[in-house]
Structure formats: C-alpha cells, structure tokens
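This report goes through one structure by topic. Please keep the sequence and the 3D view open while reading.

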Amino acid sequence: MPESRARLAKLDPVWDRIRAEAEQAILDEPLLGGLIHSSVLHHASLARALAFRISMKLASGEMSEQILREIADEAYAADPDLVQAARADIAAVYDRDPACHRFLQPLLFFKGFQALQSYRLGHWLWREGRHDLAYFVQTRVSEMFGLDIHPAARVGQGIMIDHAHSIVIGETAVVGDNVSMLHSVTLGGTGKEESDRHPKIGSGVLIGAGAKVLGNISVGDCCRIAAGSVVLEDIPPKKTVAGVPARIVGEAGCAQPSVTMDHLLAQG
C-alpha cells in the first residue's frame, strides 16, 4: 500500500494541472508571483500546498502559521483520503461553478473550497480524539470564511459550496458525495436535542440558496431543494421540493441535479 500511494503521488494530474496554470498565471500577472510561488510552485505536492494554504488562512495571534502547518502536514501524511477529497472537490468546483475557469482558482481564491478543506482538517482532528484543537479550527474557519461546519459532521467528496457565506452544518449532519450547495444553507436541528439531531443528505443532491433542512431527517439521493425552502420531513430520492414548509413539487428532472446545477422548476 505505501508503494502504491507513492506511485500515485508521482502521477497526480490535478496537481500537475494546478502547477501549469500557476506558471501561466505568473506570466499573465507578475504582481501575483510571490503569492503563487509561495502557495503553489514552492511545494512538491498538493498535500503540501494545501497544508500551507490552510495554515496561512487560519493563523492568528492565538496560533501561529508554523504550528498549524505542522498539524496539517501530519494529517495529510496520516490520511491520504484528505488529499483525494480535495482533488474531488477541486474537480467539482471546476465542473459546476461557471465562475471557475481553472483548477488553480479554488486553491488560491475560493473561500468555499478553502473552508471545506479546513473543515476536513478539523474533522481529522476530531476523529483522532483531539476535540479542543478541532474546535479551534472550527472557530477560525467561522471567523475567516463566514461559515460554520461542526468538526464532527461527516461530509463526502466532490462537494461544491458556491459563495459559501453563512452556511451552517451541525454536529450530527451527514452529507453524501457529489453534493452542491449555495450560500446561506443550514443543515441544523429543531431545538435543544442532544443526540442525533441533524439532517442526512444523500449523494448528488442540489441545495439552493437560503434553504434550511432541519432535524434528524433524510434527503434521498439526487434530490433538488429549491432556494429558500424549509425542509422538515424526509424526502425520497430523485424529488424536487420547494416551499415553507417544503413539499414535493415534482421529480428531480435529471440523474444528478448537483452536477447540472439546474435550479429552475418545470412549469405546468
């Protein structure tokens, strides 16, 4: 297994593409040369670049960039799935966000991607039993990026968080693979329950801006949740829901709404 991982590290098309785009970006805008060199070209792998970028974003007077970078390096070395998730997230943003024209952009500029990778670091710390440090990461993510993901929440790969502002994901929430969500989405509880109290979102789900999914409920694979909806009950797979409270208004309309990013409801 270590040998296989070493070979994969040498053959990383996502990282190779990011480096090529970084070199071109410096030619296009030399004033960004320092940022791009320190964030991308100075590093031998995507894992090292991620550790640097996260540590620079989360550092404060309370914890230095050097300490955070050592923590992130430890996490990426211990769990290669963290880097694989980042690759899938970059591809998801590039495929689904019309404002993303290069793989380089999420790593350097998109706070949704940066916050998600920071959450992944916090989640690794949580799984390692280092809860206070995980809470510190959660706090810094909230302060820096304006969204709040509990480190115990479980989030899959291939996630696209567009704009990212004011997103809240609670402690016992579960988010499947290939999910897309826009700003001001809440995956929250309904009161003061202390046990399993947050939504379970299936794979391939599209969650529109401002939607609230509340309580220990299930949203089936490949559903669409219209912008501004408040979901309080289970949703079977491949349905479109809308309204306050949300009701089923039709089928999802395609195999994976999160990929097509089609928010329009069919007119009867």
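## Helix α8

Helix α8 is followed by Gly129, which has a positive phi near 85°. The model is a predicted one, in which local features need pLDDT of at least 70, side-chain atom pairs count only at pLDDT 80 or more, and totals for chains, interfaces and linings use all residues. Residues are numbered from 1 along each chain as its sequence is written, and side-chain values use heavy atoms, with hydrogens and water left out. Helices (H or I, at least four residues) and strands (E, at least two) are DSSP runs numbered from the N terminus.

Helix α8 covers residues 111–127, 17 residues in number. From its first C-alpha to its last it reaches 24 Å, close to the 24 Å expected at 1.5 Å a residue; the expected span is 1.5 Å times one less than the number of residues. Of the 17 residues of α8, 15 are buried, so the helix is mostly covered. Here buried means under 20% relative accessible area, exposed over 50%, and partly exposed in between (1.4 Å probe, protein chains only).

## Cavities and pockets

Rolling a probe the size of a water molecule over the atoms shows where empty space is left. On a 1 Å grid over the protein atoms alone, a cavity is a set of points where a 1.4 Å probe fits but cannot get out. A pocket is an open set with protein on both sides within 12 Å along at least five of seven lines, and lining residues have an atom within 4 Å of a point. Grid points are joined across faces, edges and corners, and a volume is the space filled by probe spheres set on the points.

By this rule there are four cavities of 30 Å³ or more. The largest cavity holds about 60 Å³ of space. Its lining is made by Leu50, Arg53, Ile54, Lys57, Leu107, Phe113, Gln114, Gln117, Ser118 and Phe145. Both α4 (46–58) and α8 supply at least two residues each to this lining.

Helix α8 also takes part in the second largest pocket, where it gives the most to the lining, with four residues. About 200 Å³ of space lies in this pocket. Among its lining residues are Asp79, Asp81, Tyr119, Arg120, His123, Arg127, Arg154 and Val155. The elements that give two or more residues to the lining are α6 (81–96), α8 and β2.

A pair of aromatic rings is described by the distance of the centres and the angle of the planes. Rings of Phe, Tyr and Trp (its six-membered ring) pair if their centres lie within 6.5 Å; planes under 30 degrees apart count as stacked, over 60 as edge-to-face and the rest as tilted. Two such pairs turn up in a search of the whole structure. One is Tyr94 with Phe103, edge-to-face, at 4.9 Å centre to centre and 65° between the planes. The other joins Trp126 and Tyr135: their ring centres are 5.3 Å apart and their planes at 85°, so this pair is edge-to-face.

In the second, Trp126 is buried at 16%, and Tyr135 is partly exposed at 35%.

Arg17 lies over the face of Tyr94, at 4.7 Å from the ring centre. Arg17 also lies over the face of Phe103, at 4.1 Å from the ring centre. A charge sits over a ring if NZ of Lys or CZ of Arg is within 6 Å of the ring centre and within 35 degrees of the ring normal.

## A parallel sheet

Strands β2, β5, β8 and β11 form an open sheet in the order β2-β5-β8-β11, with parallel pairing. The edge strands, β2 (154–155) and β11 (218–219), each pair on one side only. Two strands pair if DSSP finds at least two bridges between them.

Strand β5 (residues 174–175) pairs with β8 (residues 200–201) in the parallel sense over two bridges. Val174 has Lys200 as its bridge partner in β8.

## Backbone exceptions

Most residues other than glycine have a negative phi, and most peptide bonds are trans. Ala164 has a positive phi near 75° and is placed in the loop between β3 (160–161) and β4 (168–169). Ala164 is buried, at 0% relative accessible area.

Cys222 has a positive phi as well, near 60°. Cys222 is placed in the loop between β11 and β12 (224–225) and counts as buried at 10% relative accessibility.

A cis peptide bond joins Val244 and Pro245, with omega about -5°. Pro245 is in the loop between β14 (239–242) and β15 (247–251).
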